[in-house]
Amino acid sequence: MNIGKRIEEILRKQGKSASWLSNEIPCERTNVYNIFKRKSLDARLLMRISVILNHDFFKELSEEAFPPVK
(Lines give C-alpha, C1' and ligand atoms only; values in the text may rest on other atoms or scores of the structure.)
Protein backbone atom coordinates (compact mmCIF):
# COMPACT_ATOMS: atom_id res chain seq x y z
CA MET A 1 0.00 0.00 0.00
CA ASN A 2 1.22 3.47 -0.82
CA ILE A 3 0.17 5.18 2.41
CA GLY A 4 0.51 8.69 1.00
CA LYS A 5 -1.84 7.96 -1.88
CA ARG A 6 -4.26 6.27 0.51
CA ILE A 7 -4.29 9.35 2.77
CA GLU A 8 -4.99 11.55 -0.25
CA GLU A 9 -7.78 9.20 -1.36
CA ILE A 10 -9.50 9.27 2.05
CA LEU A 11 -9.04 13.05 2.32
CA ARG A 12 -10.70 13.59 -1.09
CA LYS A 13 -13.43 11.05 -0.31
CA GLN A 14 -14.28 13.13 2.78
CA GLY A 15 -14.45 16.26 0.62
CA LYS A 16 -11.48 17.88 2.33
CA SER A 17 -8.49 19.65 0.81
CA ALA A 18 -4.74 19.56 1.32
CA SER A 19 -5.01 23.08 2.75
CA TRP A 20 -7.53 21.86 5.30
CA LEU A 21 -5.23 19.01 6.36
CA SER A 22 -2.23 21.33 6.57
CA ASN A 23 -4.16 23.52 9.01
CA GLU A 24 -5.14 20.52 11.11
CA ILE A 25 -1.69 18.87 11.37
CA PRO A 26 -0.36 21.83 11.38
CA CYS A 27 2.23 22.16 8.62
CA GLU A 28 2.80 23.89 5.30
CA ARG A 29 0.50 22.86 2.47
CA THR A 30 3.53 21.79 0.40
CA ASN A 31 4.38 19.29 3.17
CA VAL A 32 0.95 17.70 2.77
CA TYR A 33 1.60 17.22 -0.95
CA ASN A 34 4.93 15.62 -0.01
CA ILE A 35 3.07 13.27 2.37
CA PHE A 36 0.86 12.20 -0.56
CA LYS A 37 4.01 11.07 -2.42
CA ARG A 38 5.41 8.97 0.43
CA LYS A 39 5.24 5.19 0.56
CA SER A 40 5.81 5.20 4.33
CA LEU A 41 5.32 7.62 7.22
CA ASP A 42 6.53 8.08 10.76
CA ALA A 43 4.10 6.34 13.12
CA ARG A 44 3.43 9.54 15.07
CA LEU A 45 2.49 11.48 11.94
CA LEU A 46 0.32 8.63 10.71
CA MET A 47 -1.43 8.52 14.09
CA ARG A 48 -2.10 12.25 13.96
CA ILE A 49 -3.51 11.99 10.42
CA SER A 50 -5.60 8.94 11.41
CA VAL A 51 -7.18 10.88 14.27
CA ILE A 52 -7.73 14.02 12.17
CA LEU A 53 -9.41 12.04 9.38
CA ASN A 54 -11.08 9.60 11.79
CA HIS A 55 -9.72 6.73 9.69
CA ASP A 56 -7.68 3.75 10.91
CA PHE A 57 -4.77 3.57 8.49
CA PHE A 58 -2.95 1.27 10.92
CA LYS A 59 -5.71 -1.33 10.59
CA GLU A 60 -5.44 -1.20 6.80
CA LEU A 61 -1.67 -1.64 6.93
CA SER A 62 -2.00 -4.48 9.42
CA GLU A 63 -4.60 -6.28 7.31
CA GLU A 64 -2.35 -5.93 4.28
CA ALA A 65 0.59 -7.45 6.18
CA PHE A 66 -1.49 -10.11 7.95
CA PRO A 67 -4.55 -10.92 5.83
CA PRO A 68 -7.42 -12.50 7.76
CA VAL A 69 -7.49 -16.28 7.45
CA LYS A 70 -10.75 -17.62 6.07
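Colleague: Which helices do the buried residues of H3 pack against?
Modeller: In this predicted model, a helix is a DSSP run of H or I with at least four residues (a strand is an E run of at least two), numbered from the N terminus. Buried means under 20% relative accessible area, exposed over 50% and partly exposed in between, with a 1.4 Å probe and protein chains only. In H3 the buried residues are Val32, Ile35 and Phe36, and contact is counted when heavy atoms lie within 4.5 Å. The helices those residues pack against are H1, H2 and H4.

Colleague: What pLDDT do local features need before you'll talk about them?
Modeller: Residues are numbered from 1 along each chain as its sequence is written, and side-chain values use heavy atoms, leaving out hydrogens and water. Totals for chains, interfaces and linings use all residues, side-chain atom pairs count only at pLDDT 80 or more, and local features need pLDDT of at least 70.

Colleague: Back to helices: how wide is the arc of buried residues in H4?
Modeller: Leu45, Leu46, Ile49, Ser50, Ile52 and Leu53 are the buried ones in H4. They line one face of the helix, because their directions from the axis, taken to the C-beta atoms, fall within an arc of 165 degrees.

Colleague: And which exposed residues sit on the face of H4 turned away from that side?
Modeller: The buried side of H4 is covered by elements that include H1, H2, H3 and H5. The face turned away from it carries Arg44 and Val51.

Colleague: Which residues does Ile49 contact, leaving aside neighbours within four places in sequence?
Modeller: Ile49 is one of the buried residues of H4 and among those with the most contacts inside the core. Its partners beyond those neighbours are Ile7, Ile25, Ile35, Leu41 and Phe57.

Colleague: At roughly what angle do H4 and H5 cross?
Modeller: Under 35 degrees counts as roughly parallel, over 145 as roughly antiparallel, 65 to 115 as roughly perpendicular and the rest as oblique. H4 and H5 are therefore oblique to each other. Their axes come within 9 Å and cross at roughly 120 degrees.

Colleague: Is Asn54 buried or exposed?
Modeller: Asn54 lies in the loop between H4 and H5 and has a positive phi of about 50 degrees, although it is not a glycine. Its relative accessible area is 71%, so Asn54 is exposed.

Colleague: Last one: what is the omega of the cis peptide bond?
Modeller: Most peptide bonds are trans. This cis bond joins Ile25 to Pro26, and Pro26 is in the loop between H2 and H3. Its omega is about -15 degrees.

Note on methods
Axes fitted to C-alpha atoms, helices over the stretch in contact; angles between N-to-C directions. Core = buried A, V, L, I, M, F, W, Y, C linked by side-chain atoms within 4.5 Å.
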